[in-house]
Amino acid sequence: MFIFATSFATNRNLLYMNNFLCKAFGFDNERHSVKTEILAGFTTFLTMAYILAVNPSIFSPLAAFGMDTGAVFTATTLAALVGTLVMAIYAKMPLGLAPGMGINAFFVYTVCLSMGHTWQFALTAILLEGVIFIILTAANIRMLILDAIPDSLKKAIGAGIGLFIAFIGMQNAGIIVHDDATLVSLGNITHGTALLACFGLLFIGVLMHFKVKSAMLIGILATTLFGLLPIYHIANPDGEVVRGAITTFHGIISAPPSIASTFCQFDWHEVLSLDMVIVLFTFLFIDIFDTMGTLIAVSTKVNSEGEKIDINKAFMTDAIATVAGACFGTNTTTTYVESASGIVQGGRTGLTAFSTAVCFAAALFFAPIFLAIPAAAIAPVLIIVGLLMLAPIKDIDFNDFTEGLPAFVTFTAMPLCYSISDGILLGMISYVAINACTGKFKKISITMWILAVLFVLKYIFI
(Lines give C-alpha, C1' and ligand atoms only; values in the text may rest on other atoms or scores of the structure.)
Protein backbone atom coordinates (compact mmCIF):
# COMPACT_ATOMS: atom_id res chain seq x y z
CA MET A 1 0.00 0.00 0.00
CA PHE A 2 2.82 2.41 0.87
CA ILE A 3 4.55 1.70 -2.44
CA PHE A 4 1.30 2.24 -4.34
CA ALA A 5 0.64 5.55 -2.54
CA THR A 6 4.19 6.74 -3.18
CA SER A 7 3.93 5.84 -6.87
CA PHE A 8 0.57 7.60 -7.15
CA ALA A 9 1.94 10.74 -5.50
CA THR A 10 4.98 10.72 -7.78
CA ASN A 11 2.86 10.35 -10.91
CA ARG A 12 0.53 13.12 -9.72
CA ASN A 13 3.49 15.43 -9.13
CA LEU A 14 4.85 14.66 -12.60
CA LEU A 15 1.44 15.41 -14.08
CA TYR A 16 1.27 18.74 -12.26
CA MET A 17 4.80 19.57 -13.41
CA ASN A 18 4.02 18.70 -17.03
CA ASN A 19 0.83 20.78 -16.93
CA PHE A 20 2.76 23.70 -15.49
CA LEU A 21 5.51 23.47 -18.13
CA CYS A 22 2.90 23.23 -20.86
CA LYS A 23 0.96 26.30 -19.70
CA ALA A 24 4.03 28.37 -18.85
CA PHE A 25 6.37 27.53 -21.75
CA GLY A 26 4.44 25.48 -24.34
CA PHE A 27 6.35 22.34 -23.31
CA ASP A 28 5.03 18.95 -24.45
CA ASN A 29 6.39 16.01 -22.48
CA GLU A 30 5.89 13.66 -25.44
CA ARG A 31 7.89 15.79 -27.90
CA HIS A 32 10.31 17.74 -25.73
CA SER A 33 12.97 17.02 -23.13
CA VAL A 34 13.54 19.19 -20.05
CA LYS A 35 17.26 18.39 -20.08
CA THR A 36 17.59 19.28 -23.75
CA GLU A 37 15.67 22.55 -23.33
CA ILE A 38 17.81 23.63 -20.37
CA LEU A 39 21.09 22.79 -22.09
CA ALA A 40 19.91 24.57 -25.24
CA GLY A 41 19.11 27.67 -23.20
CA PHE A 42 22.55 27.59 -21.59
CA THR A 43 24.17 27.23 -25.01
CA THR A 44 22.20 30.20 -26.33
CA PHE A 45 23.31 32.25 -23.35
CA LEU A 46 26.97 31.41 -23.88
CA THR A 47 26.81 32.50 -27.52
CA MET A 48 25.11 35.77 -26.49
CA ALA A 49 27.18 36.51 -23.39
CA TYR A 50 29.69 38.58 -25.32
CA ILE A 51 27.22 41.48 -25.34
CA LEU A 52 27.70 41.81 -21.57
CA ALA A 53 31.32 42.78 -22.21
CA VAL A 54 30.94 44.52 -25.57
CA ASN A 55 28.06 46.88 -24.78
CA PRO A 56 29.69 48.63 -21.79
CA SER A 57 32.85 49.01 -23.88
CA ILE A 58 30.97 50.67 -26.75
CA PHE A 59 29.18 53.02 -24.35
CA SER A 60 32.39 53.90 -22.48
CA PRO A 61 32.94 57.21 -24.39
CA LEU A 62 29.72 58.48 -22.80
CA ALA A 63 31.06 57.88 -19.27
CA ALA A 64 32.51 61.40 -19.39
CA PHE A 65 28.94 62.68 -19.87
CA GLY A 66 27.50 60.80 -16.91
CA MET A 67 26.55 57.46 -18.46
CA ASP A 68 28.32 55.16 -16.03
CA THR A 69 29.89 52.09 -17.68
CA GLY A 70 29.00 49.84 -14.74
CA ALA A 71 25.38 50.97 -14.99
CA VAL A 72 25.41 50.10 -18.69
CA PHE A 73 26.55 46.56 -17.83
CA THR A 74 23.67 46.10 -15.39
CA ALA A 75 21.18 47.73 -17.77
CA THR A 76 22.34 45.46 -20.59
CA THR A 77 21.94 42.37 -18.42
CA LEU A 78 18.53 43.39 -17.08
CA ALA A 79 17.24 44.22 -20.57
CA ALA A 80 18.33 40.78 -21.77
CA LEU A 81 16.81 39.14 -18.69
CA VAL A 82 13.41 40.85 -19.01
CA GLY A 83 13.19 40.47 -22.79
CA THR A 84 14.11 36.79 -22.76
CA LEU A 85 11.75 36.10 -19.86
CA VAL A 86 8.85 37.68 -21.76
CA MET A 87 9.82 35.60 -24.79
CA ALA A 88 9.71 32.45 -22.63
CA ILE A 89 6.35 33.05 -20.95
CA TYR A 90 4.40 35.13 -23.47
CA ALA A 91 5.72 33.97 -26.86
CA LYS A 92 6.83 30.53 -25.60
CA MET A 93 9.68 30.48 -28.12
CA PRO A 94 13.34 29.37 -27.70
CA LEU A 95 14.80 32.79 -28.47
CA GLY A 96 17.08 35.06 -26.48
CA LEU A 97 17.01 38.85 -26.52
CA ALA A 98 19.60 41.47 -25.62
CA PRO A 99 20.63 45.00 -26.64
CA GLY A 100 21.55 44.86 -30.32
CA MET A 101 24.93 45.14 -31.92
CA GLY A 102 25.35 47.81 -34.60
CA ILE A 103 22.54 49.94 -33.24
CA ASN A 104 24.58 50.51 -30.07
CA ALA A 105 27.36 52.05 -32.17
CA PHE A 106 24.80 54.26 -33.95
CA PHE A 107 23.53 55.36 -30.52
CA VAL A 108 26.98 56.35 -29.25
CA TYR A 109 29.00 57.47 -32.25
CA THR A 110 26.32 58.97 -34.48
CA VAL A 111 23.53 60.30 -32.27
CA CYS A 112 25.67 61.40 -29.33
CA LEU A 113 29.20 62.06 -30.54
CA SER A 114 28.55 63.14 -34.16
CA MET A 115 25.13 64.82 -33.92
CA GLY A 116 25.95 66.22 -30.49
CA HIS A 117 22.86 65.02 -28.65
CA THR A 118 22.83 63.83 -25.05
CA TRP A 119 22.55 60.15 -24.25
CA GLN A 120 19.28 61.01 -22.52
CA PHE A 121 17.97 62.23 -25.91
CA ALA A 122 19.00 58.92 -27.50
CA LEU A 123 17.34 56.89 -24.73
CA THR A 124 14.13 58.85 -25.30
CA ALA A 125 14.25 57.92 -28.98
CA ILE A 126 14.71 54.24 -28.02
CA LEU A 127 11.69 54.44 -25.69
CA LEU A 128 9.50 56.01 -28.38
CA GLU A 129 10.69 53.43 -30.89
CA GLY A 130 9.57 50.64 -28.57
CA VAL A 131 6.15 52.22 -28.08
CA ILE A 132 5.69 52.60 -31.86
CA PHE A 133 6.78 48.98 -32.27
CA ILE A 134 4.04 47.86 -29.88
CA ILE A 135 1.45 49.79 -31.89
CA LEU A 136 2.68 48.44 -35.24
CA THR A 137 2.68 44.89 -33.91
CA ALA A 138 -0.79 45.20 -32.36
CA ALA A 139 -2.05 46.51 -35.72
CA ASN A 140 -0.43 43.51 -37.44
CA ILE A 141 1.53 45.81 -39.76
CA ARG A 142 4.82 44.02 -39.12
CA MET A 143 3.21 40.70 -40.07
CA LEU A 144 1.87 42.25 -43.29
CA ILE A 145 5.44 43.20 -44.20
CA LEU A 146 6.69 39.73 -43.33
CA ASP A 147 3.98 37.97 -45.37
CA ALA A 148 4.82 40.14 -48.40
CA ILE A 149 8.40 38.83 -48.60
CA PRO A 150 8.77 36.08 -51.27
CA ASP A 151 9.84 32.60 -50.13
CA SER A 152 13.13 32.80 -52.04
CA LEU A 153 14.09 35.95 -50.15
CA LYS A 154 13.08 34.40 -46.82
CA LYS A 155 15.41 31.47 -47.50
CA ALA A 156 18.16 33.86 -48.60
CA ILE A 157 17.75 35.95 -45.46
CA GLY A 158 18.41 32.92 -43.26
CA ALA A 159 21.47 31.96 -45.30
CA GLY A 160 22.74 35.54 -45.31
CA ILE A 161 22.49 35.81 -41.55
CA GLY A 162 24.37 32.52 -41.31
CA LEU A 163 27.22 33.94 -43.40
CA PHE A 164 27.09 37.16 -41.39
CA ILE A 165 27.45 35.58 -37.97
CA ALA A 166 30.12 33.16 -39.25
CA PHE A 167 32.04 36.20 -40.48
CA ILE A 168 31.63 37.86 -37.07
CA GLY A 169 32.94 34.73 -35.39
CA MET A 170 36.00 34.64 -37.65
CA GLN A 171 36.67 38.31 -37.00
CA ASN A 172 36.34 38.02 -33.24
CA ALA A 173 38.78 35.12 -33.23
CA GLY A 174 41.32 36.82 -35.47
CA ILE A 175 40.90 34.26 -38.26
CA ILE A 176 39.86 37.11 -40.55
CA VAL A 177 41.64 40.45 -40.07
CA HIS A 178 41.63 43.91 -41.62
CA ASP A 179 43.86 44.60 -44.60
CA ASP A 180 44.39 48.06 -46.10
CA ALA A 181 44.82 46.69 -49.61
CA THR A 182 42.11 44.03 -49.75
CA LEU A 183 39.84 45.13 -46.85
CA VAL A 184 40.08 41.67 -45.26
CA SER A 185 42.60 38.84 -45.27
CA LEU A 186 43.49 35.65 -43.40
CA GLY A 187 44.97 36.21 -39.95
CA ASN A 188 47.79 34.22 -38.43
CA ILE A 189 46.00 30.97 -37.66
CA THR A 190 49.08 29.46 -36.00
CA HIS A 191 49.06 32.00 -33.17
CA GLY A 192 46.87 33.22 -30.33
CA THR A 193 43.11 33.39 -30.50
CA ALA A 194 42.91 32.24 -34.12
CA LEU A 195 44.73 29.00 -33.26
CA LEU A 196 42.45 28.36 -30.27
CA ALA A 197 39.35 29.07 -32.38
CA CYS A 198 40.53 26.67 -35.09
CA PHE A 199 40.95 23.99 -32.44
CA GLY A 200 37.44 24.67 -31.15
CA LEU A 201 36.01 24.54 -34.66
CA LEU A 202 37.63 21.18 -35.35
CA PHE A 203 36.60 19.83 -31.95
CA ILE A 204 32.95 20.84 -32.36
CA GLY A 205 32.93 19.60 -35.96
CA VAL A 206 34.03 16.14 -34.85
CA LEU A 207 31.41 16.09 -32.07
CA MET A 208 28.71 17.16 -34.54
CA HIS A 209 29.74 14.40 -36.95
CA PHE A 210 29.24 11.80 -34.25
CA LYS A 211 25.96 13.48 -33.23
CA VAL A 212 27.11 14.13 -29.67
CA LYS A 213 24.37 15.90 -27.72
CA SER A 214 25.25 19.41 -26.53
CA ALA A 215 28.23 19.38 -28.89
CA MET A 216 28.37 23.16 -29.02
CA LEU A 217 28.17 23.62 -25.27
CA ILE A 218 30.88 21.00 -24.74
CA GLY A 219 32.97 22.72 -27.41
CA ILE A 220 32.65 26.15 -25.76
CA LEU A 221 33.67 24.80 -22.37
CA ALA A 222 36.53 22.69 -23.75
CA THR A 223 37.90 25.57 -25.82
CA THR A 224 37.72 27.88 -22.80
CA LEU A 225 39.67 25.38 -20.69
CA PHE A 226 42.28 24.89 -23.41
CA GLY A 227 42.66 28.66 -23.45
CA LEU A 228 44.04 28.44 -19.90
CA LEU A 229 47.23 26.81 -21.17
CA PRO A 230 50.09 29.36 -21.33
CA ILE A 231 51.20 28.25 -24.80
CA TYR A 232 49.69 30.88 -27.11
CA HIS A 233 51.48 33.78 -28.76
CA ILE A 234 49.70 36.90 -27.50
CA ALA A 235 50.58 40.59 -27.27
CA ASN A 236 51.31 42.01 -23.82
CA PRO A 237 50.34 45.59 -22.82
CA ASP A 238 53.61 46.86 -24.35
CA GLY A 239 52.79 45.27 -27.70
CA GLU A 240 55.46 42.59 -27.35
CA VAL A 241 54.43 39.10 -28.48
CA VAL A 242 54.89 36.59 -25.67
CA ARG A 243 53.59 33.17 -24.75
CA GLY A 244 50.65 33.14 -22.40
CA ALA A 245 47.06 32.04 -21.72
CA ILE A 246 44.05 33.40 -23.61
CA THR A 247 41.45 32.55 -20.97
CA THR A 248 41.90 34.63 -17.83
CA PHE A 249 39.81 34.75 -14.69
CA HIS A 250 39.39 37.91 -12.60
CA GLY A 251 37.42 36.69 -9.63
CA ILE A 252 34.29 34.68 -9.19
CA ILE A 253 31.49 36.82 -7.78
CA SER A 254 30.67 40.53 -7.65
CA ALA A 255 27.68 42.71 -6.79
CA PRO A 256 25.92 44.21 -9.83
CA PRO A 257 26.63 47.93 -10.33
CA SER A 258 23.76 50.33 -9.66
CA ILE A 259 21.67 51.62 -12.58
CA ALA A 260 20.56 54.74 -10.68
CA SER A 261 22.46 56.97 -13.10
CA THR A 262 20.71 55.60 -16.21
CA PHE A 263 17.29 54.41 -14.99
CA CYS A 264 14.46 56.31 -16.78
CA GLN A 265 16.79 59.15 -17.70
CA PHE A 266 14.73 60.60 -20.54
CA ASP A 267 14.90 64.06 -22.12
CA TRP A 268 11.60 65.37 -23.49
CA HIS A 269 12.77 68.86 -24.48
CA GLU A 270 13.52 67.94 -28.13
CA VAL A 271 10.90 65.27 -28.59
CA LEU A 272 9.21 67.20 -31.44
CA SER A 273 12.42 68.26 -33.18
CA LEU A 274 13.44 67.19 -36.70
CA ASP A 275 16.52 65.45 -35.29
CA MET A 276 14.31 63.34 -33.06
CA VAL A 277 12.23 62.28 -36.07
CA ILE A 278 15.36 61.31 -38.01
CA VAL A 279 16.94 59.43 -35.11
CA LEU A 280 13.67 57.73 -34.19
CA PHE A 281 13.06 56.63 -37.78
CA THR A 282 16.58 55.23 -38.08
CA PHE A 283 16.31 53.24 -34.84
CA LEU A 284 12.90 51.97 -35.94
CA PHE A 285 14.09 51.11 -39.42
CA ILE A 286 17.16 49.14 -38.30
CA ASP A 287 15.31 47.22 -35.60
CA ILE A 288 12.37 46.25 -37.80
CA PHE A 289 14.49 44.54 -40.41
CA ASP A 290 17.19 43.17 -38.13
CA THR A 291 14.51 41.50 -35.99
CA MET A 292 12.51 40.41 -39.01
CA GLY A 293 15.58 38.82 -40.59
CA THR A 294 16.49 37.02 -37.39
CA LEU A 295 12.97 35.68 -36.84
CA ILE A 296 12.70 34.47 -40.43
CA ALA A 297 15.99 32.62 -40.08
CA VAL A 298 15.35 30.93 -36.75
CA SER A 299 11.67 30.22 -37.41
CA THR A 300 12.64 28.42 -40.60
CA LYS A 301 14.82 26.09 -38.51
CA VAL A 302 12.13 25.55 -35.86
CA ASN A 303 9.39 24.95 -38.43
CA SER A 304 11.56 22.40 -40.22
CA GLU A 305 11.43 20.31 -37.05
CA GLY A 306 7.64 20.20 -37.10
CA GLU A 307 7.09 22.99 -34.55
CA LYS A 308 4.83 26.00 -35.10
CA ILE A 309 5.68 29.44 -33.76
CA ASP A 310 3.79 32.70 -33.44
CA ILE A 311 6.04 35.32 -35.01
CA ASN A 312 3.66 38.15 -34.11
CA LYS A 313 4.12 37.33 -30.42
CA ALA A 314 7.87 37.38 -30.96
CA PHE A 315 7.53 40.83 -32.53
CA MET A 316 5.52 42.04 -29.54
CA THR A 317 8.12 40.62 -27.16
CA ASP A 318 10.82 42.48 -29.05
CA ALA A 319 8.86 45.73 -28.72
CA ILE A 320 8.21 45.27 -24.99
CA ALA A 321 11.87 44.44 -24.39
CA THR A 322 12.95 47.61 -26.20
CA VAL A 323 10.78 49.74 -23.89
CA ALA A 324 12.21 47.94 -20.84
CA GLY A 325 15.77 48.35 -22.08
CA ALA A 326 15.27 52.09 -22.60
CA CYS A 327 14.00 52.41 -19.03
CA PHE A 328 17.03 50.55 -17.67
CA GLY A 329 19.39 52.71 -19.72
CA THR A 330 20.57 50.86 -22.83
CA ASN A 331 20.01 50.69 -26.58
CA THR A 332 17.34 48.81 -28.54
CA THR A 333 16.77 45.26 -27.28
CA THR A 334 16.31 42.78 -30.07
CA THR A 335 16.04 39.07 -30.79
CA TYR A 336 19.49 37.53 -31.21
CA VAL A 337 20.35 35.35 -34.17
CA GLU A 338 22.69 33.46 -31.83
CA SER A 339 19.49 31.83 -30.55
CA ALA A 340 19.97 29.48 -33.47
CA SER A 341 22.74 27.77 -31.51
CA GLY A 342 20.21 26.68 -28.88
CA ILE A 343 17.69 25.66 -31.52
CA VAL A 344 20.30 23.50 -33.22
CA GLN A 345 20.91 21.89 -29.83
CA GLY A 346 17.23 20.92 -29.64
CA GLY A 347 15.58 23.91 -27.94
CA ARG A 348 11.99 24.22 -29.13
CA THR A 349 9.92 25.87 -26.37
CA GLY A 350 9.86 28.78 -23.97
CA LEU A 351 11.70 26.63 -21.45
CA THR A 352 14.86 27.18 -23.52
CA ALA A 353 14.38 30.95 -23.31
CA PHE A 354 13.62 30.69 -19.60
CA SER A 355 16.92 28.86 -19.06
CA THR A 356 18.70 31.62 -20.97
CA ALA A 357 16.99 34.24 -18.80
CA VAL A 358 18.10 32.44 -15.63
CA CYS A 359 21.67 32.55 -16.94
CA PHE A 360 21.40 36.30 -17.48
CA ALA A 361 20.13 36.67 -13.91
CA ALA A 362 23.15 34.71 -12.67
CA ALA A 363 25.44 36.83 -14.81
CA LEU A 364 24.52 39.83 -12.70
CA PHE A 365 26.39 38.27 -9.80
CA PHE A 366 28.91 36.02 -11.55
CA ALA A 367 30.03 38.36 -14.27
CA PRO A 368 33.78 37.65 -13.76
CA ILE A 369 33.24 33.98 -14.61
CA PHE A 370 30.93 34.49 -17.58
CA LEU A 371 33.09 37.22 -19.07
CA ALA A 372 36.16 34.98 -18.81
CA ILE A 373 34.92 32.95 -21.81
CA PRO A 374 37.10 34.26 -24.65
CA ALA A 375 35.86 35.24 -28.09
CA ALA A 376 37.94 32.37 -29.46
CA ALA A 377 35.65 29.91 -27.63
CA ILE A 378 32.46 31.52 -28.97
CA ALA A 379 33.69 31.92 -32.55
CA PRO A 380 33.55 28.19 -33.48
CA VAL A 381 29.89 28.02 -32.46
CA LEU A 382 29.03 31.04 -34.59
CA ILE A 383 30.82 29.48 -37.56
CA ILE A 384 29.07 26.12 -37.14
CA VAL A 385 25.67 27.78 -36.76
CA GLY A 386 26.43 29.83 -39.88
CA LEU A 387 27.06 26.60 -41.77
CA LEU A 388 23.81 25.05 -40.58
CA MET A 389 21.82 28.14 -41.56
CA LEU A 390 22.99 27.87 -45.17
CA ALA A 391 20.77 24.80 -45.72
CA PRO A 392 17.68 26.68 -47.09
CA ILE A 393 19.52 28.04 -50.14
CA LYS A 394 19.42 24.57 -51.74
CA ASP A 395 15.67 25.16 -52.24
CA ILE A 396 16.14 28.42 -54.15
CA ASP A 397 15.76 28.15 -57.93
CA PHE A 398 18.94 29.85 -59.13
CA ASN A 399 18.09 28.95 -62.73
CA ASP A 400 15.27 31.51 -62.51
CA PHE A 401 17.14 34.81 -62.38
CA THR A 402 14.05 36.67 -61.11
CA GLU A 403 14.33 34.54 -57.98
CA GLY A 404 18.03 33.63 -57.86
CA LEU A 405 19.55 37.07 -58.40
CA PRO A 406 17.64 38.87 -55.59
CA ALA A 407 18.36 35.93 -53.29
CA PHE A 408 22.08 36.10 -54.16
CA VAL A 409 22.12 39.85 -53.51
CA THR A 410 20.45 39.28 -50.14
CA PHE A 411 22.76 36.64 -48.70
CA THR A 412 25.98 38.17 -50.04
CA ALA A 413 25.17 41.75 -49.05
CA MET A 414 24.71 40.92 -45.37
CA PRO A 415 28.32 39.91 -44.62
CA LEU A 416 29.85 42.23 -47.23
CA CYS A 417 27.88 45.29 -46.03
CA TYR A 418 28.16 44.08 -42.42
CA SER A 419 24.45 44.68 -42.03
CA ILE A 420 21.45 42.35 -41.88
CA SER A 421 19.03 45.16 -42.68
CA ASP A 422 20.99 46.32 -45.75
CA GLY A 423 20.97 42.78 -47.10
CA ILE A 424 17.20 42.58 -46.74
CA LEU A 425 16.63 46.02 -48.25
CA LEU A 426 18.87 45.48 -51.26
CA GLY A 427 17.36 42.05 -51.84
CA MET A 428 13.82 43.40 -51.82
CA ILE A 429 14.72 46.31 -54.11
CA SER A 430 16.42 43.96 -56.59
CA TYR A 431 13.45 41.55 -56.47
CA VAL A 432 10.99 44.27 -57.45
CA ALA A 433 13.36 45.74 -60.05
CA ILE A 434 14.17 42.54 -61.95
CA ASN A 435 10.61 41.22 -61.90
CA ALA A 436 9.27 44.58 -63.11
CA CYS A 437 11.87 44.78 -65.88
CA THR A 438 11.04 41.25 -67.06
CA GLY A 439 7.31 41.90 -67.07
CA LYS A 440 6.47 39.61 -64.14
CA PHE A 441 4.29 42.18 -62.40
CA LYS A 442 1.93 39.59 -60.93
CA LYS A 443 4.73 38.33 -58.67
CA ILE A 444 5.09 41.75 -57.06
CA SER A 445 2.62 42.54 -54.28
CA ILE A 446 1.50 46.07 -53.50
CA THR A 447 3.35 45.86 -50.18
CA MET A 448 6.60 44.95 -51.99
CA TRP A 449 6.15 47.91 -54.36
CA ILE A 450 5.65 50.30 -51.46
CA LEU A 451 8.59 48.91 -49.49
CA ALA A 452 10.93 48.99 -52.50
CA VAL A 453 10.10 52.65 -53.17
CA LEU A 454 10.63 53.56 -49.51
CA PHE A 455 13.94 51.69 -49.43
CA VAL A 456 15.19 53.47 -52.56
CA LEU A 457 14.25 56.83 -51.01
CA LYS A 458 16.04 55.76 -47.84
CA TYR A 459 19.31 55.22 -49.69
CA ILE A 460 18.90 58.50 -51.59
CA PHE A 461 18.04 60.80 -48.71
CA ILE A 462 19.36 59.13 -45.54
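Which residue has its charged end over the ring of Y90, and how far from the centre of that ring? The legends below begin with this contact. The model is predicted, so local features need pLDDT of at least 70 and side-chain atom pairs count only at pLDDT 80 or more, while totals for chains, interfaces and linings use all residues. Residues are numbered from 1 along each chain as its sequence is written, and side-chain values use heavy atoms, with hydrogens and water left out.

**View 1. A charge over the ring of Y90.** The residue is K313, whose charged end lies 5.5 Å from the ring centre of Y90. A charge sits over a ring if NZ of Lys or CZ of Arg is within 6 Å of the ring centre and within 35 degrees of the ring normal.

**View 2. The aromatic pair of F167 and Y418.** Rings of Phe, Tyr and Trp (its six-membered ring) pair if their centres lie within 6.5 Å; planes under 30 degrees apart count as stacked, over 60 as edge-to-face and the rest as tilted. This rule gives 13 aromatic pairs. One of them, F167 with Y418, is edge-to-face, with 6.1 Å from centre to centre and 75° between the planes. Distant parts of the chain are linked here: F167 belongs to helix α8 (residues 151-173), and Y418, 251 residues apart from F167, to the loop between α17 (401-417) and α18 (420-437). Helices (H or I, at least four residues) and strands (E, at least two) are DSSP runs, numbered from the N terminus. F167 is buried at 18% relative accessible area, whereas Y418 is partly exposed at 41%; buried means under 20%, exposed over 50% and partly exposed in between (1.4 Å probe, protein chains only).

**View 3. The stacked pair of F199 and F203.** The ring centres of F199 and F203 are 5.8 Å apart and their planes meet at 25°, so the pair counts as stacked. Both residues lie in helix α9 (residues 192-209), four residues apart, which is about one helical turn. F199 is partly exposed at 28% relative accessibility, and F203 is partly exposed at 27%.

**View 4. An aromatic cluster.** F59, F107 and F283 make up one aromatic cluster.
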